[in-house]
Amino acid sequence: VTVSVLYWCRRVMDAVKNAAQTVAQGAADKAAAAKEAVKTGALEVACAAAEKEVKKQTGRSIRVTTRNVPDDWLEWMAKTGVNSLCAPDTWVFLEESSYNARKVDLWNERGIKKIVMTVRTDPEEFSSDWKIAEVEWESPSTTMTIHWYPRASRDKNSPNFWKEKGPKEWWSLANEICFGLRIYQLPGKCFYKSDWVDNFDDVDPDSYFASGTTVYRRWLQFRRWTLLWYARPIADYNFQWSTVAPKKNDGRDFDFDAIRNVPTDPRIDAIPEEVRLPTLDDVQLPDGVEHPPPPPTTDEDEDARNKREAEHAETLPERRARPVNPFAPHGVIELNGLHVIAKGNKLILTGATIHHYWEVEGGKIETEVRRNERLELKCFSSEQADSWAESLIASGAINSEHTTCCVVA
């Protein structure tokens with residue numbers, strides 16, 4: 001009997017203990033849930049306050065909201081993230097000036113009505129150390145999405161909300177917004193021009209066939225004398241047409257290293273000399289800088305050249321791969337002999353000589369030259385297609401559509 005009583009006493013004590021633990025855990029869970037609710041509520045309040053600040057800066061009623069914000073980002077988003085939308089620095093491109101006039105027009109044209117903020121917790125490795133945010137937008141949508149990157153919370157963490165007294169921190173998002181909304185676009189003839197184009201035919205790594213291709217969006221970069229394309233955007237090349245060569249980004253005078261160098265991939269020392277640069281006597285260059293020499297003459301006939309290029313092509317791997325470096329160009333399109341026309345929002349390049357870059361075993365970059373190529377690229381708008389055509393024609397391209405068809409009697 002004594003053993004039985006002790007047994008049941010022990011069972012009762014265990015039950016009481018477990019009940020107490022359950023109550024305590026429940027209280028802790030409720031406290032944690034309440035804490036997260038407070039953070040979520042604070043974020044909602046901060047977003048509502050941001051809408052008023054954004055309207056002050058832009059003159060537009062824009063809804064501010066968030067999506068899929070991790071729990072450990074909630075407080076940061078309510079403070080530093082929202083502060084970044086409230087800060088005048090973010091909207092500096094809308095300040096009234098002749099320099100900003102085009103940006104203001106394009107901002108109004110985009111008609112943004114909603115801003116969504118979210119987090120990329122696992123960005124691509126190459127961008128995780130330097131990128132703070134990325135703005136995503138596609139025409140004709142009126143919603144832009146701001147994707148915050150880990151570096152943003154790592155380097156800045158505001159102790160206060162925008163409306164609170166005391167020190168605050170934020171990021172200026174002016175460059176990210178201008179880039180994401182493509183507000184960098186210029187009309188008419190340009191000295192430098194860069195933008196996304198669609199329908200770019202390129203190698204398909206997933207194709208069943210080694211030579212299979214598919215269409216991509218590619219970053220087209222025009223440097224007055226040269227035309228390159230990339231898988232990812234390379235900024236800082238948009239400049240209205242001028243008879244005076246603009247200075248380089250570091251403030252120094254223009255030189256042809258700025259045109260030929262490819263600093264984004266050290267394995268590509270420079271655009272090869274066989275990519276002939278047009279001679280444009282209408283451009284005033286700094287003292288000591290000469291125009292490119294005329295295209296070199298060669299005794300090699302066309303048959304011999306084609307044979308040599310065919311032999312070189314045979315050395316390339318069966319399944320070709322573009323350079324692994326995410327910022328390396330995929331190739332160069334010569335302006336000499338290039339025919340260009342614009343049709344609606346399409347930019348049509350024909351008779352093109354294209355130098356393709358391929359990465360082969362050992363990380364080496366090889367070049368394959370293809371001639372008489374045709375590209376029919378989709379631009380953002382008919383205005384931008386016309387601008388591309390005008391810029392390329394002003395730099396030596398031919399204003400017509402090249403054809404190899406024969407008339408049979």
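Strand β9 (residues 329-333) and strand β11 (residues 346-359) pair in the antiparallel sense over three bridges, where two strands count as paired if DSSP finds at least two bridges between them, and strands (E, at least two residues) and helices (H or I, at least four) are DSSP runs numbered from the N terminus. The model is predicted, so local features need pLDDT of at least 70 and side-chain atom pairs count only at pLDDT 80 or more, while totals for chains, interfaces and linings use all residues. Residues are numbered from 1 along each chain as its sequence is written, and side-chain values use heavy atoms, with hydrogens and water left out.

**Strands around β11**

- β10 and β11 form a hairpin with two residues between them, and Gly344 in the turn has a positive phi of about 60 degrees.
- Strand β12 (residues 365-378) pairs with β11 in the antiparallel sense over 11 bridges, with Leu377 of β12 as the bridge partner of Leu347.
- Five residues lie between the strands in the hairpin of β11 and β12, where Gly362 takes a positive phi near 85 degrees.
- Of the 14 residues of β11, 13 are buried, a term that means under 20% relative accessible area, whereas exposed means over 50% and partly exposed lies in between (1.4 Å probe, protein chains only).

**Helix α3**

- In α3 (101-110), the residues Lys103, Leu106, Trp107 and Arg110 are buried.
- Seen down the axis of α3, these buried residues fall within an arc of 105 degrees, so they line one face of the helix; the arc is that of the directions from the helix axis to the C-beta atoms.
- The face turned away from the buried side of α3 carries the exposed residues Asp105 and Glu109.
- Just after α3, Gly111 takes a positive phi of about 60 degrees.

**The largest pocket**

- The largest pocket is lined by 48 residues, of which Asn175, Cys178, Phe179, Tyr184 and Ala235 lie nearest its centre; on a 1 Å grid over the protein atoms alone, a pocket is an open set of points where a 1.4 Å probe fits, with protein on both sides within 12 Å along at least five of seven lines, and lining residues have an atom within 4 Å of a point.
- α5 gives the most to this lining, with six residues, and α3 is among the elements that each supply at least two.
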